[in-house]
Amino acid sequence: MVDRSLVTVERRGDITLVGIDRPEKLNALDLALCEELTAVFTEIAHERSIVVLYSTTPGIFVAGADIAELLERNAEIGLRGINATLFELIEQRRWPTVAVIDGPALGGGCELALAADLRVASARSTFGQPELGLGILAGAGGNWRLAQAVGLPMARRMLYAGERLDAAQAHAAGLIDVVVADEDDALSAGIAYAERVASQSWQALELTKVALRLHRPATTLYDMTAQALLFDSAEKRERMQGFLDERARRRAAREAKETS
Ligand code: COA
């Protein structure tokens, strides 16, 4: 039994609201958060509802996989495909999931949003795949889901060059479906869109989702293996340590300012 302290679940009519709640690390996906999300999506697998997946904290979606944990993950753990497996569980759900994005959706956060069927985002949302700068790849489905959503040329720019998209660019590229001008309305817009989907025939919806899943190329196994290889590289360690050291410096400066 997985304790639930990082994920909230609320049923509202035909909608199941799943909230990600790890604000101090900008919802970075660590193992505990992945396990809670996996437990929730397993529990509600056969519940007839549209899931709305959102951050309980405004101004952020998910800042990627937890870099402090990634630093310590080796090839063996890489082969477990922790994030990839969670995202597949979300993708396999019988009825659609709507991700509501209100802030940065980076790395695993962008991949998580891509694992949902639909994306409703506020104007201040941003999207990016910074993995290559950290010595790893977008191995949790990003390599193919991103290309499917935005096309190969844009996927190349986001992956190879680390280009980030604002909401307008993401909308134009097909990465998000709806842009909401006022961030306060993002969640209600996501719920309204989910309700619109829920007004269709449940059975037809389920069968259509299966039909659309046939467009899925079977590439995640390669990605998981490639990621496992990179997890053991010295360069990954160096690059991720650089991020953590910089954050530690900033934290120390903040604390020094607070006490002075
Ligand atoms: N993993 C672990 N911790 C993370 C994190 C991640 N992916 N993203 C953010 N955090 C933590 C920071 O370390 C910081 O915690 P601390 O103050 O205890 O050190 C806290 O979340 C706030 O982050 P901070 O960077 O100070 O906020 P910001 O507003 O200046 O920047 C981001 C926000 C999202 C642009 C920035 O946090 C970022 O670039 N994160 C990493 C994104 C990334 O590369 N993800 C891919 C991972 S594969």
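How many salt bridges does the count come to? In this predicted model, the count comes to 18 salt bridges.

Glu-10 and Arg-12 form one of the salt bridges, with their closest N and O atoms 2.9 Å apart. Both partners fall in the intermediate accessibility class. Glu-10 is partly exposed, at 36% relative accessibility. Arg-12 is also partly exposed, at 41%.

A second pair joins two helices. Arg-145 forms a salt bridge with Glu-91, and the closest N and O atoms are 3.4 Å apart. Arg-145 belongs to helix α6, which covers residues 142-150, and Glu-91 belongs to helix α4, which covers residues 82-92. The pair therefore ties together parts that are 54 residues apart in sequence. Arg-145 has a relative accessibility of 7% and counts as buried, because the limit for that class is under 20%. Glu-91, at 11%, counts as buried too.

Glu-91 has a further partner. Its side chain meets that of Arg-213 in a salt bridge, at 3.6 Å from N to O. Arg-213 lies in helix α10, made up of residues 202-213, whereas Glu-91 lies in helix α4. Parts that are 122 residues apart in sequence are thus tied together by this pair. Arg-213 is partly exposed, with a relative accessible area of 30%. Shared partners extend the arrangement. Glu-88, Glu-91, Arg-145, Arg-213 and Arg-216 are joined by salt bridges into one network.

In total, 18 residues surround the ligand. The closest are Lys-25, Ala-63, Ile-67, Arg-247 and Arg-251.

A polar backbone atom of Ala-65 is 2.9 Å from a nitrogen atom of the ligand. Ile-67 places a backbone N or O atom 2.8 Å from a ligand nitrogen. Arg-247 uses its side chain instead: one of its polar side-chain atoms lies 2.8 Å from an oxygen atom of the ligand. How much of the ligand's area does the protein bury? Taken alone, the ligand exposes 870 Å², and the protein buries 79% of that.

Backbone geometry was considered last. Most residues other than glycine have a negative phi. Leu-26 is not a glycine, yet has a positive phi of about 50°. Asn-27 is likewise not a glycine, and its phi is positive at about 65°. Where do these residues lie? Leu-26 is placed in the loop between β2, residues 15-20, and α1, residues 31-43. Asn-27 lies in the loop between β2 and α1 as well. Is Asn-27 buried or exposed? Asn-27 is buried, with a relative accessible area of 0%. Leu-26, by contrast, counts as partly exposed, at 44% relative accessibility.

Note on methods: Residues numbered from 1 in each chain as written. Predicted model: local features only at pLDDT ≥ 70, side-chain atom pairs only at ≥ 80, totals over all residues. Heavy atoms only, no water. Salt bridge = Lys/Arg side-chain N within 4 Å of Asp/Glu carboxyl O. Buried < 20%, exposed > 50% of the residue type's maximum accessible area, 1.4 Å probe, protein only. Helix = DSSP H or I, 4+ residues; strand = E, 2+ residues; numbered from the N terminus. Near = heavy atom within 4 Å. Polar contact = N/O pair within 3.5 Å; in protein donor to acceptor, adjacent residues only side chain to side chain. Areas by Shrake-Rupley, 256 points an atom, 1.4 Å probe, with all protein chains shown as cover.
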